[in-house]
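Here are my notes for a first look at this one. Keep the viewer open and click along as you read.

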Amino acid sequence: MVAADSQTILVTGGAGYIGSHVCKAVAEAGYLPVTYDNLCAGHSWAVRWGPLEGGDLIDAARLDEVMRKYKPAAVIHLAGLIVVSESVRDPAQYYLNNVSGSIGLLDAMRRNGIEQIVFSSSAAVYGEPEMTPMPEAHPQQPVNPYGTSKQMIERVLQDYARAYNLHSVSLRYFNAAGADAGGEIGEAHPVETHLIPLVLEAAAGKRHSVAIYGEDYPTRDGTCIRDYIHVSDLARAHVLALHYLDNSVGAHAFNLGNGTGTTVREVIEVARRITGAVIPVRLEPPRPGDPAILLADSSRARQLLGWQTPHSTLEQMVSSAWAWQQRAHAGQQVMV
Ligand code: UFG
């Protein structure tokens, strides 16, 4: 329940996978999350903790209308396109939505006197790791337009903090996984490209097999290492970032990862154990642009935001994703 006098937070992309978990965390912290989403990848059924306002980031008049209606104290900005391979094939879409769209949102905030934003950024701003784990000061050389679009907005945010007193926290997500324990929301992308849901779809018999993209990487079993982080832990960081902005000015960035590296084969093994299914695999060539290892140093978020990751063991992430997948399979949610 949200108190009648609670502060309103505008959540762009609040109907998406991470966005819906953020809305739940924001509501649990006593705010009212208002979702602004064009539903190109999100779902109206995932908007459960506050109103849904349809609209595009590039629609300035609609943004003004929604901001005037709710007078949000801050914005959490997650709306954006997220498929790395698509960003390589069709960069124009990514620069239009993720860059022009975000700048449009920031300018609407300026017009409406909103001075705080939490921005959904990505480990993709770093590109190929030069050191492992990666701290925030790691050089940024994104290797695809998706990562570049996130880096560009972080840069814009630095300039907007100096020039316009628009203060920000950019959260650089590593690999979001799992689903909320309540079973109402979970991962349901229009086109699934992420490892854990694909593995679980194979476990459920919705796919014949799961691809392993490369097994000659310089890792302990030859497959890529990633830093998986439970989406509910990720969501909680957005609330902590709002609190942080109440006491700090400027543009800040934090890595959000668990600091534990897991190989593709290890993910599949844990999924086999949890689901009891065989999960056939097929070997495919490495996916272009996939670094061997992506591992976060998130000590800054732990120290300055007080962030903790109580849900982020691999077992918790895979079993919560599996519970969600089975509900979806049982027709309780429509998965597309
Ligand atoms: N993988 C497979 N088979 C699959 C899918 C993925 O072997 O069918 C492997 C990938 O090669 C990678 C790992 O599983 O090594 C994880 O892949 P995901 O697609 O789940 O996630 P990524 O690490 O590619 O992407 C994540 C975020 C992106 C972000 C990127 C940063 O989802 O938004 O990290 O580099 F851009």
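1. Start with K71, which is exposed, at 65% relative accessible area. For the cut-offs: buried means under 20% relative accessible area, exposed means over 50%, and partly exposed is in between, with a 1.4 Å probe and protein chains only. K71 sits in the loop between α2 (60-70) and β4. Its phi is positive, about 45°, although K71 is not a glycine.

2. A word on what you're looking at. This is a predicted model, in which local features need pLDDT of at least 70 and side-chain atom pairs count only at pLDDT 80 or more, while totals for chains, interfaces and linings use all residues. Residues are numbered from 1 along each chain as its sequence is written, and side-chain values use heavy atoms, with hydrogens and water left out. As for the element names, helices (H or I, at least four residues) and strands (E, at least two) are DSSP runs, numbered from the N terminus.

3. Now follow the chain into β4 (residues 74-77), where you'll find V75. Is V75 buried or exposed? V75 counts as buried, at 0% relative accessibility.

4. A15 is another residue with 0% relative accessible area, so it goes down as buried. Look for A15 in the loop between β1 (8-12) and α1 (17-28).

5. Next, the ligand. Which residues are closest to it? They are L195, A211, R226, R287 and D290, out of 19 residues that surround the ligand; a residue is counted if one of its heavy atoms lies within 4 Å. By type, this shell holds 12 nonpolar, 4 polar and 3 charged residues. The classes work like this: Ala, Val, Leu, Ile, Met, Phe, Trp, Tyr, Cys and Pro are nonpolar, Asp, Glu, Lys and Arg are charged, and the others, Gly among them, are polar.

6. In the side chain of H194, an N or O atom is 2.8 Å from an oxygen atom of the ligand. L195 does it with its backbone: an N or O atom there lies 2.8 Å from a ligand oxygen. For R287 the side chain is involved again, with an N or O atom 2.7 Å from an oxygen atom of the ligand. Taken alone, the ligand exposes 690 Å², and the protein buries 90% of that (Shrake-Rupley areas, 1.4 Å probe). Two elements give two or more residues to the shell, α6 (195-203) and β8 (210-213). The largest share, 3 residues, comes from β8.

7. Stay with α6 for a moment. How many of its residues are buried? The count is 9 of 9, running from L195 and I196 through to A202 and A203. After α6 comes G205, with a positive phi near 80°.

8. The buried residues of α8 are V264, V267, I268, V270, A271 and T275. Seen down the axis of α8, they fall within an arc of 165°, so they line one face of the helix; the arc is that of the directions from the helix axis to the C-beta atoms.

9. Just past α8, G276 has a positive phi of about 75°. I279, in the loop between α8 and β13 (281-284), also has a positive phi, near 55°, and is a residue other than glycine. I279 counts as buried, at 1% relative accessibility.

10. One last stop: what joins T132 and P133? A cis peptide bond does, with omega about -5°. P133 is in the loop between β5 (116-122) and α5 (145-164).

Notes:
Polar contact = N/O pair within 3.5 Å; in protein donor to acceptor, adjacent residues only side chain to side chain.
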